[in-house]
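Subject: Handover of a structure

Dear colleague,

I am passing a structure on to you, together with an account of what was found in it. Please look at the sequence and the coordinates first, and then read the notes that follow.

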Amino acid sequence: MAVTILLAVIILSGFIWGIRLMQSPRTALWGNRLGALSMALAVIWAFLAAGDGGAPGRIPTALVLAGVGAAAGIALGQAVKMIHMPQTVALLNGLGGAASALVAWAAVLAYGGQVEAQIFWATSGIATAAGALTLGGSLIAGTKLQGLAFQRPYQVPGHGYILRLLLLVCGFFIALNMAFQGLFSTSYVPLIALLGLLAGVCMALRIGGADMPIIISLLNSLSGVAAAVTGLAVENLILTGTGALVGVAGLILTRIMCRAMNRSLLVVLTGFTPPARPQVSPETEPPAGVKPPLPVAEAEREREKDSPAAERSGEAGAAPAASREAGEEPAAAPAGAHGEAGEAGGVGEDAAAAPAGETSLSEDRLPALLQEAARVVIVPGYGMAVAQAQQAVRQLVDALEQRGKEVKIAIHPVAGRMPGHMNVLLAEAGIDYEKLLDMDAVNPQFPSADLAIVVGACDVVNPAANTVEGTPISGMPILNAEQAKHVIICNLDENPGYSGVENSLYRQPHVITLWGDAAQTVPRLTTMLQENETPAS
Amino acid sequence: MLFALLIILAASALLGYRVISGVPPLLHTPLMSGMNALSGITVIGAVAVFATVPPEAGAWAAAALVLAMVNVAGGFWVTERMLRMFRGKERESEVEDIPWQ
């Protein structure tokens, strides 16, 4: 007992110290390794402890199984691309949740006959439910993120009630499980698992693209809760403590994400949409009520589009071409494929939209602006990642810095599909992490910036969040790119972002819009910078 | 035992809250995938159950063991890969800062 507690404390301290090292990018790698080492210690200890009272032949089998799992895990971890990190985390999360539920179920099958303690029956039920919920939710979230199906929030009539009913019935069986202590049947547990699974699926189905960071964080937390409760069921200190750590981490991140998106967790989960939604684009507005599954072809295009920045519209293929054709014409003039969207936006905005093309700065000014700017802030959004423009952004950063300009990169907490995703993508492209500033650090810098370059971001720079009441983003903290002296927008088109709120930034006089595929427009900026070198400026 | 379990639960949650809150947004993705790897800790429960239970329950524990190991190994490995990419200006080389130096 004393040894068990001591070991548990050592291993948990290892985990906590590892997280502490993750507080700085300089030591984070070692934090992760310390975590892995502690985990290895915990697993070895588990094998040693089990070896004492184990059935013959079990330990070698367990070693083989563990080896297979580890090899598969490393192979998976090596294969995934950084842009696919959210779905990878979702998948691994689901596996962890499933494992917790299975352990609880196996424990019920094995010890069920002998245990009368209510705590065992309560925790085994809860662990099964939490694990199954994690699995169901993660699988759907992963499917959505991978773009396989259910790209849009998908709901059936009475979705919220079904979810609540599922959870309620699940809770009822957990209570039964505890009350009867497996007296009549152990079969409550599979039933609980099934209900939990369905509830998880139901919960994740109606989560849309931009809400993904929230649901991913929440599922992460749930997998921790599942582990912690499993630990209570099988009386394992390490399991309980580690599960608590993971649960807390997930909750903290969920809270940060909710705040950054101006959503309450309840709203995201129950799918309640704020009443007033002015200036909604028909493309991005999820219609209320029944939503039929998208046909395959449309879903293909949807997957590119369903980003917070709505980088890709329905005309994903045509738009960049149209933008290039537009060539030197004033940038804001809706060309070709944009016509329809432009009109749709104009209905709600007749007064503002009409003179936009004329009052905006023309593209001809771009080279001069780029040359003259001394302080530049780049604002990337998920659209940049969709367009695979990270390298282009890096080249632009390098080109700017070679000319002695100060470059910062502003990262909104929800720029990406999971917390911190954008940082990873930019780090992968080789951009120093010192340049990556979070919202609180960078916002005071916008007023003194000569130039802000927005790449594939819409809602997170939309001033309407501060100025217009009653929209889904009202009150959402944004990056104040509009305060820069000039702003260049490299978005795919002028359609609103995920929130469906028209971006008033596009119409402002100090803003130049460069519609098109960021993988092509950003290199154009770099070229402008390089070709129009003025010797003595 | 229940007492010890609850103490550990509370202490981990509190300490965890403190250290996790200090992780900058820059590193939230690696934090999350690292936490994800930790949630595979259920592997130790799987090992304990698998070693002792009758075969019909053992099959479930075996499945749990494999899934949890995938979770652990995959989680730590992607975190390692991600963190290797975070380099500052002064850290262009492969040499990393060692915390105890």
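**Surroundings of P30(B)**

Leaving aside residues up to four places away in sequence, P30(B) touches M22(A) and V424(A) of chain A, and T79(B), M82(B), L83(B) and F86(B) of chain B. Please bear in mind that this is a predicted model. P30(B) belongs to helix 2 of chain B, which covers residues 28-39. With a relative accessible area of 0%, P30(B) is buried.

**Chain B as a whole**

Chain B contains four helices and zero strands, and its pattern along the sequence reads α-α-α-α. Of its 101 residues, 58% are buried. Among the contacts in chain B between residues at least 6 apart in sequence, 64% join residues that are at least 24 apart.

**A helix pair between the two chains**

Two packed helices are described by the angle between their axes and the distance between the axes. Helix 1 of chain A and helix 1 of chain B each span residues 2-21, and their axes come within 10 Å and cross at roughly 15 degrees. Angles under 35 degrees count as roughly parallel, and helix 1 of chain A and helix 1 of chain B are therefore roughly parallel to each other. The crossing of this pair is right-handed.

Which residues of the two helices meet? From helix 1 of chain A they are I5(A), L12(A), I16(A), I19(A) and R20(A); from helix 1 of chain B they are A4(B), I8(B), S12(B), L15(B), V19(B) and I20(B). By class, this contact has nine nonpolar residues, one polar residue and one charged residue.

**A helix pair within chain A**

Helix 18 (residues 390-402) and helix 22 (residues 518-531) of chain A pack with their axes 8 Å apart, at an angle of about 20 degrees. Helix 18 and helix 22 of chain A are therefore also described as roughly parallel to each other. Their crossing is left-handed. Helix 18 of chain A contributes A392(A), V393(A), Q395(A), L396(A), A399(A) and L400(A) to the contact, while helix 22 of chain A contributes V522(A), P523(A), L525(A), T526(A), L529(A) and Q530(A). These residues divide into nine nonpolar, three polar and no charged.

**Individual residues of chain A**

Is K144(A) buried or exposed? K144(A) lies in helix 5 of chain A, residues 118-146, and its relative accessibility is 4%. Buried means under 20% relative accessible area, so K144(A) counts as buried. The side chain of K144(A) reaches the backbone oxygen of A204(A) at 3.4 Å.

E235(A) is not a glycine, yet it has a positive phi of about 55 degrees. The loop that holds E235(A) runs between helix 8 (212-233) and helix 9 (237-261) of chain A. With a relative accessible area of 46%, E235(A) is partly exposed. Q388(A), likewise a residue other than glycine, has a positive phi near 55 degrees. The position of Q388(A) is in the loop between helix 17 (382-386) and helix 18 of chain A.

With kind regards

How values were computed:
Residues numbered from 1 in each chain as written. Chains lettered and ligands numbered in written order. Predicted model: local features only at pLDDT ≥ 70, side-chain atom pairs only at ≥ 80, totals over all residues. Heavy atoms only, no water. Axes fitted to C-alpha atoms, helices over the stretch in contact; angles between N-to-C directions. Parallel < 35°, antiparallel > 145°, perpendicular 65-115°, else oblique. Left-handed = near helix turned anticlockwise from the far one by under 90°. Contact = heavy atoms within 4.5 Å. Nonpolar A, V, L, I, M, F, W, Y, C, P; charged D, E, K, R; others polar. Buried < 20%, exposed > 50% of the residue type's maximum accessible area, 1.4 Å probe, protein only. Polar contact = N/O pair within 3.5 Å; in protein donor to acceptor, adjacent residues only side chain to side chain.
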